[in-house]
Amino acid sequence: MRRKLENILGVELRSLAIQTRENLGLTQREMGEKLQMSESSYSNIETGKNKCGMLTSILLLEMQKDPSDFLRNASHKVNEWYEGEMK
């Protein structure tokens, strides 16, 4: 169960990273710098090779106008999964 929840949040954070970079008009190198990581580490998040760690997740949330939007959406995705599991 934990692995599935980590995958759901990983997909949501990957999407948030891509959307945030596009909204800011940054290159992957620039986004990596903002997130205190190398360009290749950031690229691995965008491609899904790696998931966001705790620090990266927090830094991404800090870049949002309203971080609670992301949290509500992620919570909704988790609840949908739970509901599917309960059937």
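This is a predicted model: local features need pLDDT of at least 70, side-chain atom pairs count only at pLDDT 80 or more; totals for chains, interfaces and linings use all residues.
Helices, in what I am about to say, are DSSP runs of H or I with at least four residues, strands are runs of E with at least two, and both are numbered from the N terminus.

Residues are numbered from 1 along each chain as its sequence is written, and side-chain values use heavy atoms, with hydrogens and water left out.

Let me begin with the overall picture. The protein chain has 5 helices and 0 strands, and reading along the sequence gives the pattern α-α-α-α-α. Its C-alpha atoms fill a box of roughly 45 × 25 × 20 Å, taken along the principal axes. Of the 87 residues, 33% count as buried, where buried means under 20% relative accessible area, exposed means over 50%, and partly exposed lies in between, using a 1.4 Å probe and protein chains only. If we take the contacts with a separation of 6 or more, residues 24 or more positions apart account for 61% of them, a contact being heavy atoms within 4.5 Å.

Now to how the helices pack. Two packed helices are described by the angle between their axes and the distance between the axes. Here the axes are lines fitted to C-alpha atoms, for helices over the stretch in contact, and the angles run from 0 to 180 degrees between N-to-C directions. On that basis, α1 and α5 pack at an angle of about 145°, with their axes 10 Å apart, and their crossing is right-handed. As for the handedness, a crossing is left-handed if the near helix is turned anticlockwise from the far one by less than a right angle, and right-handed if clockwise. On the α1 side of this contact we find Lys4, Leu5, Ile8, Leu9, Glu12, Leu13 and Leu16, which meet Phe70, Asn73, Ala74, Lys77, Val78, Trp81 and Tyr82 in α5. The residues of this contact of α1 with α5 divide into 10 nonpolar, 1 polar and 3 charged, where Ala, Val, Leu, Ile, Met, Phe, Trp, Tyr, Cys and Pro count as nonpolar, Asp, Glu, Lys and Arg as charged, and the others, Gly among them, as polar.

Helix α1 also packs with helix α3, which covers residues 39-47, at an angle of about 115° and with the axes 8 Å apart, and the crossing of α1 and α3 is left-handed. Arg14, Ala17, Ile18 and Arg21 in α1 meet Tyr42, Ile45, Glu46 and Thr47 in α3, and the residues of that contact comprise 4 nonpolar, 1 polar and 3 charged. Within α3, Tyr42, Ser43, Asn44, Ile45 and Glu46 are buried, and what covers these buried residues includes α1, α2 and α4. In α1, Ser15 is partly exposed, with a relative accessible area of 35%, and the C-alpha atoms of Ser15 and Glu46, 31 residues apart along the chain, are separated by 7.8 Å.

Is Gln36 buried or exposed? Gln36 is exposed, with a relative accessible area of 64%.

Finally, the largest pocket, which holds about 240 Å³ of space. On a 1 Å grid over the protein atoms alone, a pocket is an open set of points where a 1.4 Å probe fits, with protein on both sides within 12 Å along at least five of seven lines, and lining residues have an atom within 4 Å of a point. Grid points are joined across faces, edges and corners, and the volume is the space filled by probe spheres set on the points. Which helices each supply at least two residues of the lining? They are α1 and α5, and the largest share, 5 residues, comes from α1. The lining includes Leu16, Met63, Pro67 and Phe70, and by class it has 5 nonpolar, 4 polar and 3 charged residues. Pro67 itself lies in helix α5 and is partly exposed, with a relative accessible area of 28%.
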